[in-house]
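Please look over the chain as a whole before turning to its parts. The report below is meant to be read beside the sequence and the coordinates.

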Amino acid sequence: VEVEARSLPMELSEKGGVENNGFVQNEAFEDKETDTSSEEEMPKPCSIDVDPVAVEETLLKPYAGMPKEVLLQFSSQACYRVTREILFWLIIAGSIALVCATIAIIALSPRCLDWWQASPIYQIYPRSFKDSNMDGNGDLKGIQEKLDHITYLNIKTVWITSFFKSPLKDLGYGAEDFYDIDPIFGSMRDFENLIAAIHDRGLKVIMDLIPNHTSDKHRWFQLSRNRTGKYTDYYIWQDCTQAAGSVIPPNNWVSVFGNSSWQFDDMRKQCYFHQFGKEQPDLNFRNVAVQQEIQDIIEFWLGKGVDGFSLGAVKFLLEATHLRDEPPVNKSQNGVIITAYSQLYHDYTTTQVGLHDIIRGFRHTMNQFSREPGRYRFMGTDDDEKEDIEATMMYYGTTFIQEADFPLNFNLINMKNLSGNSIFEAVDLWMKNMPAGKWPNWAVGSPNAARISTRIGKEYVNVMNMLLLTLPGTPVTYYGEEIGMENIVSENVSEERVNSGPVVVTLPEKSPMQWDGEVNAGFTEGNSSWLPVNSDYQSVNVEVQSTLSNSTLSLYRALTSLRNNELPMNRGWMCHIWNDSDVFAYVREIDGLDRVFMMVLNFGQESTVDLKAIVPNLPSEAVIRLSTHFSNAGEVVNTKVIKTEMGEGLVLEYKTAKPVHTMEAFQGKCFVAEKACYSKAFDLLYKNC
């Protein structure tokens, strides 16, 4: 090996190469390096100062998966640091802007309509709605079977009239037990199942409560007759004078049903007071224990899941303690012969001082159950003051103290005659007297009034439903009005009498619901129903009308859909623009939306009206959105010549940049309950406009 290693430099020398002796000094090479004569032949070195860190930064670029040390080197550079700070402050500014925008939207947004405002209310008389057990009487299970009909009508609130255990005097409004269901309607389990089914469909339920009186079969009354403990003063008792075998009452007070409102009780040897039938003694609401009993009843049913109450006959809760005679309407009339309720001014038996304190107590109880989000409990009052609109409006409460969400409005039922003028007067009376910020309501039928077809005529059923569902506020529909049911013939109805007086219960408008053309109109599979079915049931029923596009039922559904889906119709302005003996016309509009709905409703004879001359800036043409003459929908009408036939109703739609409620000529003719404005840019509602 050594020989080969030594021979290698020899070979390189011979080839003119340079021998590398490693660490062995090569003298020849050393001499050659120190030879100054050869410096000129060698290139001169160039000296450059280089920063090794700069070289490293120049060569190193960001790459995925960099270690922390490398990342920190880049993050400290100006280009990255400035970008990072800009992004940071942009995020902070954006977050602040988002929070401010959220606060502004919340502050400017109008209050959402509550469930009792957003939907029509469907009132059911349970004994006449649907029979499930073939006994001829409607019941709670029957209501449950027909809940799909409620949703089919685009309605989300059901109002069930009284179903308490009762001797059924006055058709169940004198309760024998406020905590139980009358067996004719079913059981408490049936009620609980009904509530669950209603809520499963996203519906709400309101029930009747008449706190003024009980049945004379009620346990409280039996204990009061015996003067048992606290129940002694649960009712209003007074000594009566007996003369010649007859009882002389304490005063001239007369029952709503006629004759004296005092009834002698043989057991207690006193007279008890009753505003209605003698079988319905009035509770003593000046007794705090009685008020608490009613509040306990309210709590019981709210605990069962009821969403609200309609409190009836509340104006009768208190009577004057002085027991003075009420003044007669005819001052020359001898007080002895006064037997009719209408013959007296009822200054001492209705709307007494302290009444509204009691109602506020009921409201307080309701509010205790309204704290859960989405579970507000509704309270309405059912008191028809007729001649005293101010007394009715007091049930709304005040700005700071709430009572009823609304007192029920019977103005459209109480009209003595039908015309465009009378409709206007009924609407205007309520809207002008309603306290600011309160919510109106309307009804065209009830269990105590003749049906529309009977009261004013078949030809006006559709236009009355159109009025009901296009006015501002909550409409209340009595079962059967959506198909135009009529009263049954009176002679087919057995009269129910109380206290040997006139008929106190009207039955013709309570005939069974007409579901189809089968026997008994599909109301019952039994042999008979508790009241006769109307003879027109084969053509006037739900099944037939649901298949016809031009039926009363189809129009009703179209109107509820329009009300639910169009902002101007469910919470916008209402402006009255015209009325005469035939026509009542008004518009519904909302700030920020250029689409306006105009209702032209005929309650008289054929008429032609020039609304363009009445409303400045009204477009010359409008489109018929809905009509009681179904084939006219979609047509264009000339606003200078709007023709309507008897009982015809039109919902016209047009666009304008100048809404009626902003016009000076219509100031004082426009009303709004829950004011809101529409922003087209953001597609939302706001209130400060």
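**Confidence and overall make-up**

This is a predicted model, and its chain averages a pLDDT of 88, with 88% of the residues scoring at least 70. Where pLDDT is low, the predicted coordinates should not be read in detail.

The chain has 689 residues, of which 52% count as buried, and its secondary structure comes to 19 helices and 26 strands. Of the contacts in the chain with a separation of 6 or more, 68% are accounted for by residues 24 or more positions apart. An unreviewed UniProt entry places the feature "transmembrane region" at residues 86–108; in the model this segment is 100% helix and 0% strand, and its end C-alpha atoms are 32 Å apart.

**The parallel sheet**

Eight strands with parallel pairing make up an open sheet in the order β13-β12-β11-β5-β2-β1-β15-β14. Its edge strands are β13 (406–407) and β14 (441–443), each of which pairs on one side only. Helix α14 (residues 420–433) lies across β13 and β14, and runs at about 150° to β14.

**The antiparallel sheet**

Seven strands form an open sheet with antiparallel pairing, in the order β21-β20-β23-β18-β17-β16-β24. Because β21 (636–638) and β24 (670–671) each have a single partner strand, they stand at the edges, and one side of each is left without a neighbour in the sheet. Helix α18 (residues 552–565) packs on this sheet and touches β18, β20 (621–627) and β23, its direction making about 120° with that of β20.

| Strand pair | Sense | Bridges | Bridge partners |
|---|---|---|---|
| β1 (residues 121–124) and β2 (residues 157–160) | parallel | four bridges | Q123 and W159 |
| β18 (residues 595–602) and β23 (residues 649–655) | antiparallel | seven bridges | V600 and L650 |

Leaving aside neighbours within four places in sequence, V205 is in contact with V158, I160, I195, I198, H199, G305, V306, D307 and G308. V205 and W159 are 46 residues apart in sequence, yet their C-alpha atoms are 5.8 Å apart in space.

Helix α9 (residues 188–200) has 13 residues and reaches 18 Å from its first C-alpha to its last, close to the 18 Å expected at 1.5 Å a residue. Its buried residues are M188, D190, F191, L194, I195, A197 and I198, and among these I195 and I198 are also contacts of V205. What covers the buried residues of α9 includes α7 (140–145), α8 (147–152), β2, β4 (177–181), β5 and α11 (288–303). Just after α9, G202 takes a positive phi of about 75°.

Terms used: Residues numbered from 1 in each chain as written. Predicted model: local features only at pLDDT ≥ 70, side-chain atom pairs only at ≥ 80, totals over all residues. Heavy atoms only, no water. pLDDT = per-residue confidence, 0-100. UniProt positions renumbered as here; feature names shortened; annotations may be inferred. Helix = DSSP H or I, 4+ residues; strand = E, 2+ residues; numbered from the N terminus. Pairing = 2+ DSSP bridges. Contact = heavy atoms within 4.5 Å. Axes fitted to C-alpha atoms, helices over the stretch in contact; angles between N-to-C directions. Expected span 1.5 Å × (residues − 1). Buried < 20%, exposed > 50% of the residue type's maximum accessible area, 1.4 Å probe, protein only.
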